[in-house]
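Please read the points with the model open alongside.

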Amino acid sequence: MPIEQQELMAIKRRKLMPIKKQELQFIKELYGTKARLLWSGYLRRDPVARLQLEPGRLDPYPLYEQIRSRGRVSRTPFGHFVTVDHEICNEVLRSRDFGVGEDARDKSLSLLDLNPPDHTRLRRLVAPDFSVRTIGRYTPRIEAVLQNLIKDVPRDDPFDLVSVVAAPLPIAVIADLLGIPDADADEFARHGTEFGSALGGIQSLAHAQRLAATRKRLAEIFAGIFELRRKEPTDDVVSRIVNSDGTVRPEEMVPLCTLLLIAGFETTVNLIGNTVLALLSNPDQWRMLVEQPELAERAIEEGLRYDSPVQRTGRLATADTEVAGVPFKQGDWIMTAIGGANRDPAVFTDPARYDLHRDNAEDHLSFSGGVHYCLGAALARLEAGIALRTIVTEFPELALAGPRERRPGSLIRGMQHFPVRAPRSAVMV
């Protein structure tokens, strides 16, 4: 029996009700898209399709090189455009002639789904809370959270770098910044994984149901916080949103706060994990950082370039235009493969090598560009830099300690489980 029929029967048994017409249409579209993706990826072995399947989740970089060999811009199996060219990605992301394609979005993640002027209105309200100057005030809080996490790390025994350090740190900080009391790090980490896995597309009915449950739960959490901050406003982002005198419409409040919460820790979790893995996989670079922990910020920039937490994003041409000599018509959609652009040999020498002393690592596109440049870039850099410097200082002999598991989906790249070991004899005091 086809998987679509199996899932339909399972839903009928659980709900004891008929499938609605719109649900049936959703199922047809979901599995029709999935079938085309599988056909193109596994039978035709198209690299763009394979990016969105298991090969892309495990290691997208050989696929980017196959796409690069086709030219600066090429067609996908679905009739869209794709590029791994750094110059073209950069121009598309910055150009006002390209937007996020809001007509095809459900506005579930606010700023990510909006073009100006709505994007400008909402971003202008919250941007001051994420400025370099404002974020710098959180340095003592970040250091205190890290020290509290580090003291509980088991010595000699394997521990999961993600669940013990990389995830709890940014969740605690963004919860403070937003004004979320008693934040449950484990719960928010699960919600982040669900949202991140869905950005590349819904994979199954079960996936859609989990995402719906996550959205519902976060809406419940924020409804309670909104009520609290209306009665007891404090110096935090949620207080400013709920008391913004109409700047944020009621229906925009939950999506905006959901984005700020999820994006406020997801990038940092994956940035810490990806960078530590790159360093441990290159022992000479790890040892260099141990000997010179002041290079932590440089290590983070190279980590962003080498293994970006966000691998690709899409843009829709809103007018006839041209980028680097390539013409685009209004309505053309292009995948800007950021992960591939960050390894463009025309920009980065020996791009497949992690190099602490790369002199132009900051030219990466991992935080996007233009009006959609990552609002939390300064926060991610600050947290990841302090975290990495603390890790190499406290655990100079940190080592890989077992099989790792990558997170689901291929658009957001990071570690789900990352076992490491910190030998007791090597701990610095």
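**Notes on the model**

1. Pro 327 sits in strand β7 (residues 326-328); helices (H or I, at least four residues) and strands (E, at least two) are DSSP runs, numbered from the N terminus. Pro 327 is exposed, at a relative accessible area of 58%. Here buried means under 20% relative accessible area, exposed over 50%, and partly exposed in between, with a 1.4 Å probe and protein chains only. Leaving aside residues up to four places away in sequence, Pro 327 touches Thr 321 and Glu 322, where contact means heavy atoms within 4.5 Å.

2. On the basis of these notes: this is a predicted model, in which local features need pLDDT of at least 70 and side-chain atom pairs count only at pLDDT 80 or more, while totals for chains, interfaces and linings use all residues. Residues are numbered from 1 along each chain as its sequence is written, and side-chain values use heavy atoms, with hydrogens and water left out.

3. Strand β5 (residues 313-317) is largely enclosed by the rest of the structure, because four of its five residues are buried. Two strands pair if DSSP finds at least two bridges between them. Two bridges join β5 to strand β3 (residues 98-99), and the two run antiparallel; Phe 98 has Ala 317 of β5 as its bridge partner. With strand β8 (residues 333-336), β5 pairs in the antiparallel sense over four bridges, and Gly 314 stands opposite Met 335 in β8.

4. An open sheet is formed by three strands in the order β4-β12-β9, with antiparallel pairing. β4 (159-160) and β9 (399-400) are at the edges with a single partner strand each, so one side of each is left without a neighbour in the sheet. β9 is joined by two bridges to β12 (residues 419-421), where Arg 421 is the bridge partner of Ala 399.

5. Which residues of helix α16 (residues 283-291) are buried? They are Gln 285, Trp 286, Leu 289 and Val 290. Seen down the axis of α16, these fall within an arc of 140 degrees, so they line one face of the helix; the arc is that of the directions from the helix axis to the C-beta atoms. The face of α16 turned away from the buried side carries the exposed residues Pro 283 and Glu 291. Among the elements covering the buried residues of α16 are α15 (250-280), α17 (296-306) and α19 (377-394).

6. The second largest pocket has a volume of about 590 Å³. On a 1 Å grid over the protein atoms alone, a pocket is an open set of points with protein on both sides within 12 Å along at least five of seven lines, a cavity is a set where a 1.4 Å probe fits but cannot get out, and lining residues have an atom within 4 Å of a point. Grid points are joined across faces, edges and corners, and a volume is the space filled by probe spheres set on the points. The second largest pocket is lined by 35 residues, with Thr 193, Ser 197, Arg 407, Pro 408 and Gln 416 nearest its centre. The largest share of this lining, eight residues, comes from α12.

7. A search of the whole structure finds one cavity of 30 Å³ or more. The largest cavity holds about 40 Å³ of space, and its lining includes Gly 56, Arg 57, Arg 406 and Arg 407.
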